[in-house]
Amino acid sequence: IAACTRGPRSVARSIASSARGARRRPSTVGRIRGSTASTIDEGAREMENSRGRSAGRAGTSGQGSAERPDVAFGRSTLSEDVRDMLWVPPEAEDPSFGRDDPDEGWSFDPASGLMDPRASPPATADCDDRTAARVLRGLARASLKRIRAGDMTVRDDGAAHANLLSTLMEEIRAGGRRLEPTSTYHALALSLAAVERRCVDLYVSTGGTSRGTSPMLSEVLASEECYEAVVRGSRNSDGEAIISALPWALRRALHPRCMNLRNVVWHGFIAPPDAQPELAALALALAASVPAPSSIASGDGGEGALGSGSDVGTSGSDVGTGRTLARHDAELVDHVPERLARDGWWRAPSAADEVAEIVASSTFVPDGWRDAAARAARDLIERGDDARFVAVACPALESALREMFAAVNDAPEALVARLGEYYATMDGFGQSRVHDVILHPWRAPIDPARPDARRPNTLPSKLPSGARNALEDLFMRDRGPALRAAYAHGSVSLDPRAGNGA
């Protein structure tokens, strides 16, 4: 982020600056006709003016929220239909529940207060996606009420990230930590990471396999292995297999045509100030309700299934670039502010303040992310809280790069999350023939029937070389750390590393 902030003003700063102003200056869409700095700057402003109009319809300006004054996704980039899927009104939307059922038709385990896997959801298995989203919003309200009342706890059964979930539950119960207004966002993002890790652990423990290096969440949730591991042979009174509420809720909450929670959060479409406590409570209840694999819960296994199926990587059929995790420290340092280029600068007493100041004043970081990213950077340096830092910094970086991508490629459609459509994402090298990957040198084909008819991506060549190399190493390379994916998939420890450094 710091390197991009100090990149060429004609690209990183002016494009980001024009993106900020575009929200207040409606204009017509223009096309970038050249590659000079002034042409890019002019084209960026025109493109981001288009973004302002699209974002307004998506609920990112007064125009978008005029019809629904209760919609508060003011700094997020969501289309209207996605916003309507996600927004949780304070009161029950189904009058049949009224005030007599605070759980809105959902059943919870009397002992733990978590979702009862033996119960069915208050909707049919084949209901439409909007009905499913409405029912899930009821689960979100019910979960928040239970957490705040102290009626929900995290089981100590050996499942991954139990300590983290207990901490997040306490923060939601307390209404967010007093000095950290981004606590709700952290609870949402990190709970979703725990959901995936726990589901993959279950899948792998029951013999589930993957077509790639690690199973995709979509194939895990659709599998019989995961379903049976959650239900564990539960039957109704007639001895018939049940439609379990927990797998149903997981599949619908994470499905691209329904809430798609994991993707809209971890790919930077929901800004931290817009995170609703109800959505955080929903994610937390889902994560905590996923049980440990039977072998772990019974003491026959080890400590979780870390490494068995949760490995992350960026390998793909079109990775063959010949480059692995190259190091470009010297180039990168050229674009980093001088005070951050000193060896061991993070050990200085003033380091946290310096970094927070740089991020908070950056025109590269989007408005809705700036303050949260500055606080996260401070926590990283002072407390070694790498998970909370990555949960904010990576989506913030992706959101900023997406704005630049849309500007230089004349692609305003990439700016907003739309229902059932692929997103333009920062990583996912192996998916570059399916959807736009912001850092990939080639854009996805327009016509799926012609997969080789691809267009060049203008963005990578406009980035400072050191920043580009570092971004590719961190997020794209076959042997790189796959930084966002590692944390978004819950594949690493998500607890603060206090005492051990960042």
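The following exercises, each with a worked solution, concern the predicted model shown above.

Residues are numbered from 1 along each chain as its sequence is written, and side-chain values use heavy atoms, with hydrogens and water left out. Because the model is predicted, local features need pLDDT of at least 70 and side-chain atom pairs count only at pLDDT 80 or more, whereas totals for chains, interfaces and linings use all residues.

**Exercise 1. Helix 17**

Determine how the span of helix 17 relates to the expected value, and state which of its residues are buried.

Step 1. Helices are DSSP runs of H or I with at least four residues, and strands are runs of E with at least two, numbered from the N terminus. Helix 17 covers residues 367-383, a total of 17 residues.

Step 2. The expected span is 1.5 Å times one less than the number of residues. For helix 17 the expected value is 24 Å, and the distance from first to last C-alpha is close to this, at 25 Å.

Step 3. A residue is buried under 20% relative accessible area, exposed over 50% and partly exposed in between (1.4 Å probe, protein chains only). The buried residues of helix 17 are Gly368, Trp369, Arg370, Ala372, Ala373, Ala374, Ala376, Ala377, Asp379 and Leu380.

Step 4. After the helix comes Gly384, with a positive phi near 65°.

**Exercise 2. The nonpolar core**

Describe the largest nonpolar core and the surroundings of Leu286.

Step 1. A nonpolar core is a set of buried Ala, Val, Leu, Ile, Met, Phe, Trp, Tyr and Cys residues joined through side-chain atoms within 4.5 Å. In soluble globular proteins, nonpolar side chains tend to be buried together.

Step 2. Here the largest core contains 118 residues, and Trp106, Val264, Trp266, Leu286 and Leu401 have the most contacts inside it. Helix 8 (residues 183-205) supplies the largest share, 13 residues.

Step 3. Contact means heavy atoms within 4.5 Å. Not counting residues up to four places away in sequence, Leu286 touches Met115, Leu139, Val195, Leu246, Ala249, Leu250 and Ala253.

**Exercise 3. Aromatic pairs**

Classify the ring pairs Trp106–Trp248 and Tyr185–Trp369, and locate their members.

Step 1. Rings of Phe, Tyr and Trp (its six-membered ring) pair if their centres lie within 6.5 Å; planes under 30 degrees apart are stacked, over 60 edge-to-face, and the rest tilted. The whole structure has four such pairs.

Step 2. The centres of Trp106 and Trp248 are 6.0 Å apart with planes at 50°, so this pair is tilted. Trp106 belongs to the loop between helix 5 and helix 6 and Trp248 to helix 11, 142 residues apart. Both Trp106 and Trp248 are buried.

Step 3. Tyr185 and Trp369 have ring centres 5.8 Å apart and planes at 90°; the pair is therefore edge-to-face. Tyr185 is in helix 8 and Trp369 in helix 17, so the pair ties together parts 184 residues apart in sequence. Tyr185 is buried at 0% relative accessibility, and Trp369 at 2%.

**Exercise 4. Salt bridges**

Locate the salt bridges Arg378–Asp353 and Arg484–Asp427, and state the accessibility of their members.

Step 1. A salt bridge is a side-chain nitrogen of Lys or Arg within 4 Å of a carboxyl oxygen of Asp or Glu. The structure holds 27 of them.

Step 2. The closest N and O atoms of Arg378 and Asp353 are 2.6 Å apart. Arg378 lies in helix 17 and Asp353 in helix 16 (residues 351-360), 25 residues apart. Arg378 is partly exposed at 28%, and Asp353 is partly exposed at 44%.

Step 3. Arg484 and Asp427 meet at 2.8 Å, N to O. Arg484 is in helix 21 (residues 483-488), whereas Asp427 is in the loop between helix 18 (386-408) and helix 19 (459-462), 57 residues apart. Both Arg484 and Asp427 are buried.
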